[in-house]
Amino acid sequence: MKKTIVYLVLTCAIFLVGCNKNEEPKPDSDAELKNSEEIEPKKVATDVLDYSMKTENLHSIVGFLSETTILYVAYESDNFHLVSYNLFTGEKETIYTEADQIIQVMIHPSKKQIIVHSSVNSSSATVKIISLKGTILHNIDIPSSELSIIWNPSNPQLVAFTAFQGDFSYQCYVYEGEQETLHKIDPSNPFLLWQSDDILLYNRWAARQLNGGTMMELNWKNGQEHPTDLKKIVYLDTDKDARLTVQIDFETEQFSYLLKNKNKEATWQAPALSNYSQWFVPDLIWLEDQSMMAIVPTEGGLMDNYSGKFKLMKISGDKVEELVTLDDFAMINCSPKGSLCLYGNELEQAISFEPYNSKQWLTLE
């Protein structure tokens with residue numbers, strides 16, 4: 001009898017649990033989706049892992065491949081290695097290995113392709129465009145002592161080159177990746193920028209460079225070039241639909257910045273710095289939405305004698321905000337969204353914002 005009672009109790013309990021389970025109301029679908037998503041905590045500079053390497057093994061830190069991963073070039077075992085490295089997990093992968101001397105490496109704004117500029121001697125250059133898996137997509141040989149590379153930010157199939165020779169002469173080219181064709185072009189200035197697939201920009205300097213120059217447009221396909229209305233230009237840069245111009249205001253001795261992005265404009269001013277014969281505009285970093293980070297001085301004068309500080313600004317749409325004051329001028333490189341920047345002579349400092357946060361992440365031994 002005792003066994004029968006226990007059996008009946010267990011049966012009823014199982015039945016009741018089953019009934020309660022079946023009658024349990026279904027959770028709201030939005031709430032269920034929200035609960036199922038993993039909300040990753042915001043990464044800040046102090047979350048970046050400490051990393052050390054021998055000084056002779058680091059060629060350069062190239063920049064960000066994502067908000068968390070950078071690309072750097074290491075020199076080991078007589079070869080140069082392109083290494084992707086996650087600042088927060090420590091995960092790293094060798095993407096590509098090059099036996100020849102690497103001069104520079106560039107990441108396309110799309111973060112899908114990389115340019116590797118290498119050389120076997122002082123009068124030649126080889127440019128390889130590779131995928132993030134290390135596959136060589138294009139291989140271009142250009143005779144040059146020095147090579148300027150301007151990658152179209154919207155179309156990675158278009159690259160402009162200026163090849164300088166030892167006698168200071170130069171030749172400009174446009175490479176069309178789809179046709180694998182290298183076109184010679186003849187602009188009247190070797191320092192070019194992309195405005196569109198057809199149009200290149202450059203600054204036609206006045207006889208005295210401190211007076212600035214006139215922004216010129218060149219249709220590289222038909223060779224036609226003409227001046228724009230923008231004058232007293234001391235610095236010019238572009239990224240997809242956005243264009244930055246810096247003009248000199250002689251009355252106030254200030255730089256006047258203008259960032260145009262489609263129908264939005266942002267303007268700001270900063271004290272002017274020079275290197276005696278030309279103006280010095282500190283670094284500007286484009287972000288993925290064509291906003292930018294800008295370093296501006298707090299005082300004017302000669303860069304060689306400068307003892308003032310610098311401000312790191314963020315410019316987005318028509319909004320200009322000051323993020324932090326920097327004690328010294330050094331290299332800076334920021335993630336695509338601008339959530340994290342690397343700063344310093346070797347980009348050894350990590351900085352983040354809202355609130356400001358910093359640490360030294362890289363130690364060279």
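What follows is a set of questions about a predicted model, each answered by setting a value against a cut-off.

Visitor: Why is the pair of Tyr51 and Tyr85 called tilted?

Guide: The two ring centres lie 4.5 Å apart and the planes stand at 35°. A search of the whole structure finds 13 aromatic pairs.

Visitor: Why is the pair of Tyr85 and Trp361 called stacked?

Guide: The planes of Tyr85 and Trp361 are 15° apart, with 6.4 Å from centre to centre. The limit for a pair is 6.5 Å, and planes under 30 degrees apart count as stacked. Trp361 sits in the loop between β32 (357-360) and β33 (362-364) and Tyr85 in strand β4, so the pair ties together parts that are 276 residues apart in sequence. Tyr51, Tyr72, Tyr85 and Trp361 form one aromatic cluster.

Visitor: How do you know whether Tyr51 and Tyr85 are buried or exposed?

Guide: Buried means under 20% relative accessible area. Tyr51 has 14% relative accessibility, so Tyr51 counts as buried. Tyr85 has 2%, so Tyr85 counts as buried. Trp361 is buried as well.

Visitor: Is Lys262 buried or exposed, and how do you know?

Guide: Exposed means over 50%. Lys262 has 63% relative accessibility and therefore counts as exposed. Lys262 is placed in the loop between β20 (254-261) and β21 (264-271). The C-alpha atoms of Lys262 and Ala242 are separated by 6.8 Å, although the two residues are 20 residues apart along the chain.

Visitor: What makes strand β18 largely enclosed by the rest of the structure?

Guide: Strand β18 (residues 233-239) has seven residues, and six of them are buried, so the strand is largely enclosed.

Visitor: How do you know that β18 and β19 pair?

Guide: At least two bridges are needed for two strands to pair. β18 and strand β19 (residues 242-249) have six, in the antiparallel sense. Leu236 stands opposite Thr245 in β19. The hairpin of β18 and β19 has two residues between the strands, and Lys240 takes a positive phi near 55° there.

Visitor: What makes β10 and β13 the edge strands of their sheet?

Guide: The open sheet has four strands in the order β10-β11-β12-β13, with antiparallel pairing. β10 (146-151) and β13 (181-185) each pair on one side only, and they are the edge strands. From one strand to the next the twist averages 25°. β10 and strand β11 (residues 158-164) run antiparallel and are joined by six bridges, against the two that a pairing needs. Ser148 stands opposite Thr162 in β11.

Visitor: Which residues line the second largest pocket, and how do they divide by class?

Guide: The second largest pocket holds about 210 Å³ of space. It has 14 lining residues, and the closest to its centre are Leu326, Asp327, Asp328, Tyr343 and Gln349. β28 (319-326) and β31 (349-352) are the elements that give two or more residues to the lining. By class, the lining has six nonpolar, five polar and three charged residues.

Technical notes:
Residues are numbered from 1 along each chain as its sequence is written. This is a predicted model: local features need pLDDT of at least 70, side-chain atom pairs count only at pLDDT 80 or more; totals for chains, interfaces and linings use all residues. Side-chain values use heavy atoms; hydrogens and water are left out. Axes are lines fitted to C-alpha atoms, for helices over the stretch in contact, and angles run from 0 to 180 degrees between N-to-C directions. On a 1 Å grid over the protein atoms alone, a cavity is a set of points where a 1.4 Å probe fits but cannot get out, and a pocket is an open set with protein on both sides within 12 Å along at least five of seven lines; lining residues have an atom within 4 Å of a point. Grid points are joined across faces, edges and corners, and a volume is the space filled by probe spheres set on the points. Ala, Val, Leu, Ile, Met, Phe, Trp, Tyr, Cys and Pro count as nonpolar, Asp, Glu, Lys and Arg as charged, and the others, Gly among them, as polar. Rings of Phe, Tyr and Trp (its six-membered ring) pair if their centres lie within 6.5 Å; planes under 30 degrees apart count as stacked, over 60 as edge-to-face and the rest as tilted. Buried means under 20% relative accessible area, exposed over 50%, partly exposed in between (1.4 Å probe, protein chains only).
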